[in-house]
Amino acid sequence: MEIDPFIFRLSIFILSIFVGYYVVWSVTPSLHTPLMSVTNAISSVIIVGAIIASLAGSSLSVFNQSSIFGFLAIVLAAINIFGGFLVTQRMLAMYKKKKKDKK
Amino acid sequence: MISANLLAIFYLISGILFILALRGLSSPETSRQGNLFGIIGMAIAITVTFLSIDNFSSGFLYVILFLLVGGSIGAFIAFKIPMTAMPELVAGFHSLVGLAAVFVAISAFISPEVFNLGTSGNIKLASLIEMSIGAAVGAITFSGSIIAFLKLRGIMSGSPITFPGQHMLNLLILISIIVLTYFLCLNQSPNFFWSVIAISFLVGFLLIIPIGGADMPVVISMLNSYSGWAAAGIGFTLENTALIITGALVGSSGAILSYIMCKGMNRSFFNVILGGFGGTDQTSSKTSKEQKPVKNGNADDAAFLMKNASSVIIVPGYGMAVAQAQHALREMVDSLKKNGVKVSYAIHPVAGRMPGHMNVLLAEANVPYDEVFELEEINNDFANCDVAYVIGANDVTNPVAKTDPQSPIFGMPVLDVEKSKSVLFVKRSLSPGYAGIDNDLFYRDNTLMLFADAKKMTEDIIKNL
């Protein structure tokens, strides 16, 4: 009797949904926009799949059908990673407390 | 080259750092640190993926090149984008995640051996199902987000596009995706795979066109959720823990935001998704066209009222974003504070076009976040406040939601603006809001209508203070 590794992954998935559920409820409503941009950035970790895909070609021909899709996915995910984290950074830098800025 | 086990542990660490990134958002103080955790998590995930590659062929250089190309475009956008354009930026980013998921799935389908999923034409059944789900959800996210982007950007009309048999058609298409996936599993023919993707693109398009502009907060959260599920689907295909954890986090995050937005409108999720509501062209309820008297004021009156008030509550809405009035507003508040007036801001959950839209704009205008309150926190304070300054909001202040069971917005939580001693309502005309209903507030004795552009009126008030 052996457990299919799929079940382990499914367990991780289900537990992460629960973690996400509780963590997101604790996010303050005023930061919901940064929440969306940061989730955007982190979901672009899909880039790891894109990197593996893009190296599907042989050393003789870098570009074949599947590596081209991989390269395209790298560009898209990279836009999101850099764009997402930086725009979140920019937004979060604007949230200030009272007193700190009395111009 | 690092071992598969070590790789998996590093992916787990990335996943944990992503959880901490979201955890940081529980307060503005910890949020910046949280974002840093997210960046570190991403850097770890990418670095260990590089280290796992055993042959550094010339393809590797292209990986770096494309990474830098994408990264520069992303960084450029992030620095250039004005804060008012945040909703469409987020929609645009969602579409990219969706499309990236589709591309990775296609790549895995064409060369399964690269991902250890079997050989072409003989892919493991579970992997085939997982990649179909990832590709389908990714495609729906992509085309749906494109439509949302076009609507938010104003390129496409915000009013819902409906036609008879729409729901039936969507249902049929969804069933056909399942049937096609079944056939794909039977004979692994690429034609079925391409059909699933093509039809999913169509679904995303059809799903979003009937949804009106004011329902965008729900749509954008929903697409956020979809992009997460698409990532998770790919994560299962690639057997990658970081992707599975992240997908689940993002998926549940988007789902919770959708729920909060629906609750803010007192509408069920299905009601929003089935669409049709929330356009500007709705035939207004019961055509109450008889001209009721309104009190019309000017900047001078408004300045006088606010200067002599002891407390003022500002109620911003989408109109403030459109008019870019947030900076003028903060200046006005600064001069009021010099006069000893206590000022706070009240934000309705669905104000604006995305969750937290108003908060970001106020933060941009240097409004301290501890002066900004959510509906539940501040709603009781209206009774003790002298002036409520409603700028660009409408439906979220309509008392009809509390009194008239016939009204389409009945039961929606609203800000009790009418309880304050006087209400200043900045609006361009008497036209109804997005729900297509007349706002009872306009005709109250304690309401003074200020007909002007939000920014111009606020600037005029500053001159008179």
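Biologist: Which helix of chain A does Tyr21(A) lie in?

Modeller: Helix H1 holds Tyr21(A). Bear in mind that this model is predicted.

Biologist: Is Tyr21(A) buried, partly exposed or exposed?

Modeller: Read the relative accessible area. For Tyr21(A) the value is 38%.

Biologist: Which residues form the nonpolar patch on the surface?

Modeller: Tyr21(A) is one of them, along with residues including Phe18(A), Trp25(A) and Tyr259(B). Together the patch has about 1,000 Å² of accessible area. Helix H1, residues 5–25 of chain A, supplies the largest share, eight residues.

Biologist: Now the inside. What is the general idea?

Modeller: In soluble globular proteins, nonpolar side chains tend to be buried together. Here, the largest nonpolar core has 187 residues. Ile47(A), Ile314(B), Tyr389(B) and Ile461(B) have the most contacts inside this core. Helix H4 of chain B, residues 86–110, gives the most to the core, with 17 residues. Apart from this core lies another, of five residues, among them Phe236(B) and Ile244(B).

Biologist: Which residues is Ile461(B) in contact with, leaving aside neighbours within four places in sequence?

Modeller: Ala299(B), Ala302(B), Ala303(B), Met306(B), Met332(B), Tyr389(B) and Leu450(B).

Biologist: Where is Asn398(B) found?

Modeller: In a loop of chain B, between strand E6 (387–391) and helix H16 (400–403).

Biologist: Why is Asn398(B) classed as buried?

Modeller: Because its relative accessible area is 0%, and the cut-off for buried is under 20%. Leaving aside neighbours within four places in sequence, its contacts include Ile409(B), Val414(B), Asp438(B) and Asp440(B).

Note on methods:
Residues numbered from 1 in each chain as written. Chains lettered and ligands numbered in written order. Predicted model: local features only at pLDDT ≥ 70, side-chain atom pairs only at ≥ 80, totals over all residues. Heavy atoms only, no water. Helix = DSSP H or I, 4+ residues; strand = E, 2+ residues; numbered from the N terminus. Buried < 20%, exposed > 50% of the residue type's maximum accessible area, 1.4 Å probe, protein only. Contact = heavy atoms within 4.5 Å. Patch = residues over 30% accessible without salt bridge, like charges linked within 9 Å, V, L, I, M, F, W, Y side chains within 5 Å. Areas by Shrake-Rupley, 256 points an atom, 1.4 Å probe, with all protein chains shown as cover. Salt bridge = Lys/Arg side-chain N within 4 Å of Asp/Glu carboxyl O. Core = buried A, V, L, I, M, F, W, Y, C linked by side-chain atoms within 4.5 Å.
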